[in-house]
Amino acid sequence: PPFTWSFIKGERSSAYTCVTFLAELIDNGIDAKCRKIDITLKPGTNGDLIKLVIKDNGDGMTKEELSGSYRIGSTKAYKKNSIGKFGRGGTMGCISVARKKKTFTIKDNVVLGRGFDLDLVIKLDQWASFQILPPQEIQSSLENTGGTLIELTEFDDLDEKNVSTLKKTLVEAISQIYNMFLSRGNKITLNGEEIKPWDPLLFNHPKTQRWLDGKNTEGRDYFFWPDEEGVSHRVEIKAVYLEDVKLEEKVRMPPRGQRSRKPLARAQGGHFYRCDRIMHTGALTDANGLTGFYDRHSNKRNFRFSVTYVPELDKQFGTFKSKDGFKMDSLLSKNIADIIIPFAQRAERMNRGSETKNNQDNVEKTLSNLEGILNTEKYMAPKVKKGR
């Protein structure tokens, strides 16, 4: 039976944000082996978003693949290392925020177009997409670069519409979520400006203390975990201590005069990677996803860790269909916690020791300064009042 407007209307209430729906489209480009993704946000006269265009230089799609990308729940066979898996994001993510979508793609020198319009879905009372004749400008562009171009308009259900604010949010999120993709020489631009990678662990910083590197010791840096069929897959863990790293690098300090949107406490905790892509925008602790696992505390502010897993373990990690979170199996969670918690406790002890030493140094410095003043100032006896 067809998906009616009532079903589509209900699906529009899915918890997609400006970050998560765009991430779905970026994922599709990466799965298509692109090396560059260009995102354009076009504001209206009031500064609100009226059009979003995302273009990649990946493999493009055949007619069947393009049609399949507009199905509710794609039936295509995903490759082993594909970020996409559930066949929902490219369509449902867009439906959640915009009323109209157009896709233009080139494969084997054939340029194709397809789209949806929710006004048509309402009229037909069922889900439908339709072919579109590619405009000459878009056809020429795709013939030169290859890949796929997606255009979204009429954002009636987007959580943030102001382009200026939206741009800052997206740059910050993309630089972190896709830091591995970007650090390998691939590019993502937003309104013509290249987004630079930002690794929340600052793993390659010269002053970062690497406690776990995800490579060396089985049972500590990595372990193997079985999937549904009993096949074991590698889970890698990294842990770092950042006391010697400058504050502005740890918290991504904004330009002078602007308020920081990423204080140190928000970056403290765990960062989970699936297919080299962070599965959430904020660090995870026991307060927002790792219950009974890791608590955020000022004494652990210099400690961060990451966990990397493969799509074959999606059920065990409880990966959300929106690919912005997960709910781990309790045994798996405990296994990771048993590795991480001793290092978090070590960081806490080190931070306390560091604070004690700093306090002692400050006292000694104050006493030294006072002694210097007493030694250099001319002693003056107090005046004595003469009696009558």
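Analyst: The account below takes the sheet first, then the helices, then a few loop residues.

This is a predicted model, so local features need pLDDT of at least 70 and side-chain atom pairs count only at pLDDT 80 or more, while totals for chains, interfaces and linings use all residues. Residues are numbered from 1 along each chain as its sequence is written, and side-chain values use heavy atoms, with hydrogens and water left out.

Two terms come up throughout. Helices (H or I, at least four residues) and strands (E, at least two) are DSSP runs, numbered from the N terminus. Two strands pair if DSSP finds at least two bridges between them. Strands of a sheet pair through backbone hydrogen bonds, either parallel or antiparallel.

The sheet is open and has 8 strands in the order 5-4-3-6-2-1-7-8, with mixed pairing. Strand 5 (130-131) and strand 8 (193-194) stand at the edges with a single partner strand each, so one side of each has no neighbour in the sheet.

Consider strand 1 (residues 36-43) and its partners. With strand 7 (residues 187-190), strand 1 pairs in the parallel sense over 4 bridges. Along this pairing, Lys36 has Lys187 as its bridge partner, Ile37 has Ile188, and Ile39 stands opposite Leu190. With strand 2, strand 1 runs antiparallel, and 7 bridges join the two. One of the bridge partners here is Leu49 in strand 2, which belongs to Pro43. Strand 1 and strand 2 form a hairpin with 5 residues between the strands, where Gly47 takes a positive phi near 90°.

Strand 7 also pairs with strand 8, in the antiparallel sense over 2 bridges.

Strand 2 and strand 6 run antiparallel and are joined by 6 bridges; Ile54 stands opposite Ile150 in strand 6. Strand 3 and strand 6 also pair in the antiparallel sense, over 6 bridges, with Thr148 in strand 6 as the bridge partner of Thr105.

How many residues of strand 6 are buried? The count is 6 of its 6 residues, where buried means under 20% relative accessible area, exposed means over 50%, and partly exposed lies in between (1.4 Å probe, protein chains only). In a regular strand the side chains alternate between the two faces of the sheet. In strand 6, Thr148, Ile150 and Leu152 are buried on one side, and Leu149, Glu151 and Thr153 are buried on the other.

Contact means heavy atoms within 4.5 Å. Axes are lines fitted to C-alpha atoms, for helices over the stretch in contact, and angles run from 0 to 180 degrees between N-to-C directions.

Helix 2 (residues 18-31) packs with helix 7 (residues 163-177) at an angle of about 50°, and their axes are 10 Å apart. Helix 2 and helix 7 are therefore oblique to each other: angles under 35 degrees count as roughly parallel, over 145 as roughly antiparallel, 65 to 115 as roughly perpendicular and the rest as oblique. Residues of helix 2 in this contact are Cys18, Val19, Leu22 and Ile26, while helix 7 brings Leu166, Thr169, Leu170, Ala173, Ile174 and Ile177. These residues divide into 9 nonpolar, 1 polar and no charged. Here Ala, Val, Leu, Ile, Met, Phe, Trp, Tyr, Cys and Pro count as nonpolar, Asp, Glu, Lys and Arg as charged, and the others, Gly among them, as polar.

Most residues other than glycine have a negative phi. Asn109, in the loop between strand 3 and strand 4, has a positive phi of about 65° although it is not a glycine. Asn109 counts as exposed because its relative accessibility is 72%. Asp125, in the loop between helix 5 (118-124) and strand 5, has a positive phi of about 55° and is not a glycine either. At 41% relative accessibility, Asp125 counts as partly exposed.
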